[in-house]
Amino acid sequence: MADPAMSVTPYWELTFDADGDVHGRQRDRLVAGVTDRGVRDLIVFAHGWNNDRPGATRLCSAFFAPIPGLAPKARIGYVGVLWPSMRFADEPIPNFPRTVAAELPRPPALDKDTRHALLETFPGRATVIDQLARLLDQQPRQDAELEEFGRLVRLLVEVVPPGPQALFGADTLAEGVPQDEPGMFSAPVAAVCEEFAAALARQSPAFSLPNPWDGAQELLRQATYYAMKRRAGTVGERGLGRVVGQLAAAAPGVRVHLVGHSFGARLVSFALRGLPEGVRTVKSVTLLQGAFSHYAFAARLPHDTRAGGMLQGQYNRVDGPLVCCHSRHDAALGTFYPLASRMAGDDQGVAAGLDLGRVLGERWGAMGFGGIRAVPGTRACTLADALRKGLPAAGCVNVDAAAVVRRGGPPAGAHSDIVHRELAQVVLAAGRIGRPAAA
């Protein structure tokens, strides 16, 4: 069913819960609709960590909007993947203006909208959320209170086995055992908060004097991102991958093109791991500012040759290219992602102001900042070259999209700056959809 706010047609939505279970009627409408509407190419878009349903729908609509004009003769269908993530109220919606209030310095406290989002995202944790809010309001000076805050944050985001999300907490495996849980959960909380506060001060004049409770709020934000990262893997493998398999069985002639932003990029990547054996209908994957490890597809990790990424070899499930668009202007992935993944409390010089991307990025970096790493044969090009010369027919491709993915204020930088005609053209070029018009 078309959404009245949607800019393209035919459009369907697929809604998943935190365990990857899909809304059955929506799935059935999609499977029947692609045949009834004569769809040849189906573009499936998954939003990132910071969208509620209205924001996700607006983002889908804005990203899809130029595509009919770029490929007017193609028989394209569109799908928006909706999954339970959350946005802190002081964060911008991707490619939509910040409110005036969001531009002003804010105290380290949980506003009503953020509290509501936390309650929706972590049901059954109301008491924990109230305690976190009280501590942020009071800002007690004792380190013991910061330690208590850290304990509550861990309690908020923990997954109690059994449950599918517990399987998706890390991007790497060593001898079959998940490793590399973010250091923010194991390091002393006061030190973690000081690190985050120092990073905020370097990113924004609003935090020019580091306050550990600014860092505490950032710890809460990063912990919820980690939970969203884990959830994205669950929804991709157990949810979207299975739906794509069902679609392939019912409509084998439909060519599927997966597109994801931020943790949505992780979601569509894990969908490859959930595809039924023999399914070859995924013709392209485009990752926009992917918020997961740049080693996710590697067979061997440079720092541990016994281990590989959780998605090693999965790009071979794509009957076409897997394209990673990245930007050096993405401060969320260049600074806070590696810092949260591995808190640098071990004399690496971060507190002295060294570039976090250089200090931590090699081991703990995100592909949306510097591209896919350690996958032999990966091609690299600029956005201009990708549009002028085209993209390879298969394999991993890094596209430097910094020419357009560059707008955004601190602390996230350009992470959400993805609604661009040029990036829509990349999707069309990756999938060889129609004959895209010139930029």
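The model you are looking at is predicted, so local features need pLDDT of at least 70 and side-chain atom pairs count only at pLDDT 80 or more, while totals for chains, interfaces and linings use all residues. Residues are numbered from 1 along each chain as its sequence is written, and side-chain values use heavy atoms, with hydrogens and water left out.

Arg280 has a partner: Arg280 forms a salt bridge with Asp319, and the closest N and O atoms are 3.8 Å apart. A salt bridge here is a side-chain nitrogen of Lys or Arg within 4 Å of a carboxyl oxygen of Asp or Glu. Arg280 sits in the loop between α10 and β7, and Asp319 in the loop between β8 (308-309) and β9, so the pair ties together parts that are 39 residues apart in sequence. The helix and strand names follow DSSP runs, numbered from the N terminus: helices are H or I with at least four residues, strands are E with at least two.

Eight strands form an open sheet with parallel pairing, in the order β1-β3-β2-β6-β7-β9-β11-β10. At the edges stand β1 (11-15) and β10 (379-382), each with a single partner strand, so one side of each has no neighbour in the sheet. From one strand to the next, the twist averages 20 degrees. Two strands count as paired if DSSP finds at least two bridges between them; strands β6 (residues 255-261) and β7 (residues 282-288), which run parallel, are joined by six. One of the residues involved is His261, whose bridge partner in β7 is Leu288. Helix α10 (residues 263-273) packs on the sheet, where it touches β2 (41-46), β3 (76-82), β6, β7 and β9 (321-326), and its direction makes about 145 degrees with that of β6. Such angles run from 0 to 180 degrees between N-to-C directions, with axes fitted as lines to C-alpha atoms, for helices over the stretch in contact.

Back to the charged side chains: across the whole structure, a search finds eleven salt bridges. One of them joins the side chains of Glu13 and Arg53, at 2.8 Å from N to O. Glu13 lies in strand β1 and Arg53 in helix α2 (residues 53-64), so this pair ties together parts that are 40 residues apart in sequence. Glu13 is buried at 10% relative accessible area, whereas Arg53 is partly exposed at 44%. Another salt bridge brings together the side chains of Arg388 and Asp385, at 2.3 Å from N to O. These two residues are three apart in helix α14 (residues 383-389), a separation of about one helical turn. Arg388 is exposed, with a relative accessible area of 57%, and Asp385 is partly exposed, at 21%. Salt bridges that share partners also join Arg280, Lys283 and Asp319 into one network.

What about the aromatic rings? The whole structure holds six aromatic pairs. Rings of Phe, Tyr and Trp (its six-membered ring) pair if their centres lie within 6.5 Å; planes under 30 degrees apart count as stacked, over 60 as edge-to-face, and the rest as tilted. Phe64 and Tyr78 form a tilted pair, 4.9 Å centre to centre with 55 degrees between the planes. Phe64 lies in helix α2 and Tyr78 in strand β3, so the pair ties together parts that are 14 residues apart in sequence. Phe64 is buried at 0% relative accessible area, and Tyr78 is buried at 2%. Phe292 and Phe297 form an edge-to-face pair, 6.4 Å centre to centre with 65 degrees between the planes, and both are buried.

Finally, the interior. A nonpolar core is a set of buried Ala, Val, Leu, Ile, Met, Phe, Trp, Tyr and Cys residues joined through side-chain atoms within 4.5 Å. The largest has 92 residues, of which Leu42, Phe149, Leu220, Leu240, Leu258 and Phe297 touch the most other members. Helix α9 (residues 212-250) supplies the largest share of this core, 16 residues. Apart from it lies another core of 36 residues, among them Cys60, Leu288, Leu383 and Ala414.

Definitions and conventions
Contact = heavy atoms within 4.5 Å. Buried < 20%, exposed > 50% of the residue type's maximum accessible area, 1.4 Å probe, protein only.
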